[in-house]
Amino acid sequence: MARCRLLLFLAALSSIFGLLHASAGDADPIYSACVDQCEKTGCVGDECSQHCNFTSGGVPVDGPWYLQEPLYLRWKQWDCLSDCRYHCMLAREKERKKVGLKPVKYHGKWPFQRVNGIQEPVSVALSALNLAMQFHGWVSFFIFVNYKLPFRPNRKPFYEYTGLWHIYAIFAMNSWFWSVVFHSRDVDLTEKLDYSSAVALLGFSLILAVLRVFSVTDEAARVMVSAPLVAFVTTHILYLNCYQLDYGLNMKVCLGMGILQLILWAVWAGVTRHPSRWKLWVVVIGGALAALLEIYDFPPYRGFVDAHALWHATTIPLTFLWWSFVRDDSEFRTTALIKKAK
């Protein structure tokens with residue numbers, strides 16, 4: 001009897017902890033009952049899910065082979081449970097809106113409206129635009145350095161940070177690519193890839209800020225400066241992927257690295273005589289204001305635009321201005337080194 005009581009106590013305790021970690025929406029008993037009923041019937045009101053007629057592998061439960069779910073839909077891993085959660089969420093939010101209640105999160109996410117199976121269409125579109133802006137900035141920098149600026153006698157650019165900016169571009173484009181994928185469909189794999197690529201980008205950006213602000217050009221010195229930061233970022237990424245995806249810790253790490261590099265660039269812009277320092281000021285101030293959108297979270301307007309989507313929107317013009325500063329910096333340094341050589 002004592003053993004049974006202990007098991008019951010542990011079960012109750014685990015359920016309490018589960019409720020504490022659950023979002024307000026998925027802890028709602030009306031929502032939970034709706035999901036349970038939908039998994040049995042495949043329908044929520046007039047909305048019925050085609051995925052409830054398929055197994056997890058996309059094979060029809062009852063029907064010929066040619067009714068198998070198309071691959072372009074199957075890769076998103078929508079299934080009966082996820083569809084039921086989605087339709088029950090929308091139904092519950094309509095009920096809450098009628099009685100004047102504000103939207104709540106379900107399974108850690110705000111109630112977004114899908115478009116053609118895409119989970120957060122506005123964030124996907126804005127992430128794609130950011131990816132395009134990064135690519136445009138990188139290509140314009142590559143053309144400028146290799147075709148418009150003079151070279152050293154050994155056919156290498158005068159600008160000492162050329163290679164670092166190329167690596168930065170790869171990290172940036174990789175990060176925005178996974179942002180597109182993650183906002184299309186939020187599953188465990190896409191979430192980890194999005195978070196890891198963002199941390200890697202912020203880590204390398206911080207390294208680049210330190211090297212440029214303090215004019216570190218010696219290769220040995222660069223390795224000594226970069227090694228601790230590379231070790232820290234690598235350890236954090238491994239922690240997120242192999243131990244625990246701690247959202248709070250990751251937010252603190254990302255904000256810490258982001259704020260630190262903004263401070264470095266701001267101080268440098270205040271003391272340098274760089275002709276394009278005003279662009280740096282705009283990026284620093286704009287980046288700091290945009291970071292507030294990551295801290296201040298609010299429900300998506302009409303089910304599409306939330307604080308995170310607005311953050312994606314602000315980074316588009318800032319990216320254009322940032323790469324414009326990088327091109328100006330390459331010209332400024334090249335001119336200074338040529339004068340020094342003479």
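Visitor: Which residues make the nonpolar surface patch?
Guide: The patch is made by W281, I285, L289, L292 and I295, and it covers about 500 Å². Please keep in mind that this is a predicted model.

Visitor: Where is L292 placed, and is it buried or partly exposed?
Guide: L292 belongs to helix α10, which spans residues 277-295. Its relative accessibility is 48%, so L292 counts as partly exposed. The cut-off for exposed is over 50% and the one for buried is under 20%, with partly exposed in between.

Visitor: How many helices and strands does the chain have?
Guide: The chain has 11 helices and two strands. Reading from the N terminus, the order is α-α-β-β-α-α-α-α-α-α-α-α-α.

Visitor: And what share of the residues is buried?
Guide: Of the 342 residues in the chain, 42% are buried.

Visitor: Can we take a buried one? Where is N130, and what does its side chain contact?
Guide: N130 sits in helix α5, residues 121-148. With a relative accessible area of 0%, N130 is buried. Its side chain is joined to the side chain of T315 by a polar contact of 2.8 Å.

Visitor: What about S330, is it buried or exposed?
Guide: S330 counts as buried, because its relative accessibility is 0%. This residue is in helix α11. The side chain of S330 reaches the backbone oxygen of R327 at a distance of 2.5 Å.

Visitor: Let us change topic. How many salt bridges are there in the whole structure?
Guide: The search of the whole structure finds 12 salt bridges. One of them joins the side chains of D28 and R92, with an N to O distance of 2.5 Å. D28 lies in the loop between α1 (2-21) and α2 (29-41), whereas R92 is in helix α4 (residues 80-98), so this pair ties together parts that are 64 residues apart in sequence.

Visitor: Are D28 and R92 buried or exposed?
Guide: Both D28 and R92 are buried. For R92 the relative accessibility is 14%, and R92 therefore counts as buried.

Visitor: Which other residue is linked with D28 and R92 in a network of salt bridges?
Guide: The network also includes E95. The side chains of R92 and E95 meet at 3.0 Å, N to O. Because R92 and E95 are three residues apart in helix α4, about one helical turn separates them. E95 has a relative accessible area of 40%, so E95 is partly exposed.

Visitor: What about R333, which residue does it meet in a salt bridge?
Guide: R333 meets E160, with the side chains 2.4 Å apart, N to O. This pair links distant parts of the chain: R333 is in helix α11 (residues 307-341) and E160 is in the loop between α5 and α6 (162-184), 173 residues apart.

Visitor: Now the rings, please. How many aromatic pairs does the search find?
Guide: The search of the whole structure finds 21 aromatic pairs. In the pair Y239 and Y243, the ring centres are 5.2 Å apart and the planes meet at 45°, so the pair is tilted.

Visitor: Which residues do ring pairs link into a cluster?
Guide: The cluster consists of F141, Y159, Y161, W165, Y168, W265, W268, W322, W323 and F325.

Visitor: Where do charged side chains sit over rings?
Guide: R114 lies over the face of Y86, 4.1 Å from the ring centre. The charged end of R155 is over the ring of F151, at 4.7 Å from its centre.

Key. Residues are numbered from 1 along each chain as its sequence is written. This is a predicted model: local features need pLDDT of at least 70, side-chain atom pairs count only at pLDDT 80 or more; totals for chains, interfaces and linings use all residues. Side-chain values use heavy atoms; hydrogens and water are left out. Rings of Phe, Tyr and Trp (its six-membered ring) pair if their centres lie within 6.5 Å; planes under 30 degrees apart count as stacked, over 60 as edge-to-face and the rest as tilted. A charge sits over a ring if NZ of Lys or CZ of Arg is within 6 Å of the ring centre and within 35 degrees of the ring normal. Patches are made of residues with over 30% relative accessible area and no salt bridge: like charges are joined within 9 Å, nonpolar side chains (Val, Leu, Ile, Met, Phe, Trp, Tyr) within 5 Å. Accessible areas come from the Shrake-Rupley method with a 1.4 Å probe; for residues, only the protein chains shown count as cover. A salt bridge is a side-chain nitrogen of Lys or Arg within 4 Å of a carboxyl oxygen of Asp or Glu. Helices (H or I, at least four residues) and strands (E, at least two) are DSSP runs, numbered from the N terminus. Buried means under 20% relative accessible area, exposed over 50%, partly exposed in between (1.4 Å probe, protein chains only). A polar contact is a pair of N or O atoms within 3.5 Å; within protein, one must be able to donate a hydrogen and the other to accept it, and residues adjacent in sequence count only if both atoms are side-chain atoms.
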